[in-house]
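Here is a walk through one protein chain, from its overall layout down to single residues. Have a look at the sequence and the model first.

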Amino acid sequence: MEKQKPHVKEAIKTLSSPSSSSSSSSSSSSSSNPVAALILDLFAMTMIDVGVELSIPTYIYYTSGLGSLGFMLHLPTLDVKIPCEYEDYQGEVEVPSISPFPVFVLPHPMMKKKGEEYTWYVYHGRRFREANGLIVNTFAELEPKALQAYGTDHVVLDLSHSLYCVRYALLI
């Protein structure tokens with residue numbers, strides 16, 4: 001995805017330029033409609049840099065729940081707080097947005113801090129904080145404990161940007 005940054009940047013510039021509004025037969029204004037925001041998922045995190053460079057607000061759509069997001073945001077702190085490999089750690093893992101849990105329930109790639117997979121988890125936990133906001137696949141009534149963690153004095157989950165919960169209606 002990193003190699004795609006110049007292409008995405010150019011595409012956004014083209015979309016936002018006045019000449020991109022191809023309406024020769026239309027009587028609409030020739031002013032451009034600039035890109036208002038970028039909404040990224042986990043696989044496009046490097047595009048945060050494009051948003052910053054072009055001064056476009058960037059939001060991350062996190063498809064898992066708020067508790068999981070809290071874990072990801074807290075992971076860089078855990079990385080320092082728990083100096084050993086997780087597979088050797090004897091205590092419970094404490095994350096403000098979820099109840100303490102035994103370390104063995106972590107996904108297998110998380111158990112070895114020196115592994116490439118773990119490094120990517122920590123990378124994403126750091127990059128989430130660079131976005132202008134987070135859109136999370138949850139609603140307040142579903143994850144009240146997790147939501148409360150974002151409104152407390154826990155520096156770990158103190159977001160300098162907005163958090164938006166998506167509420168889905170179940171239609172049968």
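## Overall layout

Among contacts (heavy atoms within 4.5 Å) between residues at least 6 apart in sequence, 67% join residues at least 24 apart. The chain is a predicted model, where local features need pLDDT of at least 70, side-chain atom pairs count only at pLDDT 80 or more, and totals for chains, interfaces and linings use all residues. Residues are numbered from 1 along each chain as its sequence is written, and side-chain values use heavy atoms, with hydrogens and water left out.

There are five helices and six strands here. Helices (H or I, at least four residues) and strands (E, at least two) are DSSP runs, numbered from the N terminus. Read from that end, the order is α-β-α-β-α-β-β-α-β-α-β. Of the 172 residues, 35% are buried; that means under 20% relative accessible area, while exposed is over 50% and partly exposed is in between (1.4 Å probe, protein chains only).

## Two nonpolar cores

A nonpolar core is a set of buried Ala, Val, Leu, Ile, Met, Phe, Trp, Tyr and Cys residues joined through side-chain atoms within 4.5 Å. The largest one has 21 residues, and L40, I60, L66, L69, L73, F128 and L134 touch the most other members. Two or more residues each come from β1 (38-40), α2 (48-53), β2, α3 (66-81), β5 (133-136) and α5 (144-150). The top contributor is α3, with four residues. A second, separate core holds 14 residues, among them L75, L78, L106 and Y118.

What does I60 touch, leaving out residues up to four places away in sequence? The list is L40, M45, I48, F128, A131, G133, L134 and I135.

## Strands and their partners

β2 and β5 run parallel to each other, joined by four bridges; two strands pair if DSSP finds at least two bridges between them.

β3 (residues 92-95) tells another story. Its covered face carries V93 and V95, and its uncovered face E92 and E94. β3 is antiparallel to β4 (residues 98-102), with three bridges between them. The hairpin that joins the two strands goes through two residues, and V95 sits opposite I98 in β4.

## The largest pocket

On a 1 Å grid over the protein atoms alone, a pocket is an open set of points where a 1.4 Å probe fits, with protein on both sides within 12 Å along at least five of seven lines; lining residues have an atom within 4 Å of a point.

The largest pocket has a volume of about 210 Å³, counted as the space filled by probe spheres set on the points. It has 14 lining residues, with L42, F43, Y62, T63 and S64 closest to its centre. β2 (58-62) and α4 (116-127) are the elements that each give two or more residues to the lining, and α4 gives the most, with four. By type, the lining has nine nonpolar residues, three polar and two charged. Here Ala, Val, Leu, Ile, Met, Phe, Trp, Tyr, Cys and Pro count as nonpolar, Asp, Glu, Lys and Arg as charged, and the others, Gly among them, as polar.

S55 lies in the loop between α2 and β2. This residue has a positive phi of about 55° although it is not a glycine. S55 is also exposed, with a relative accessible area of 67%.
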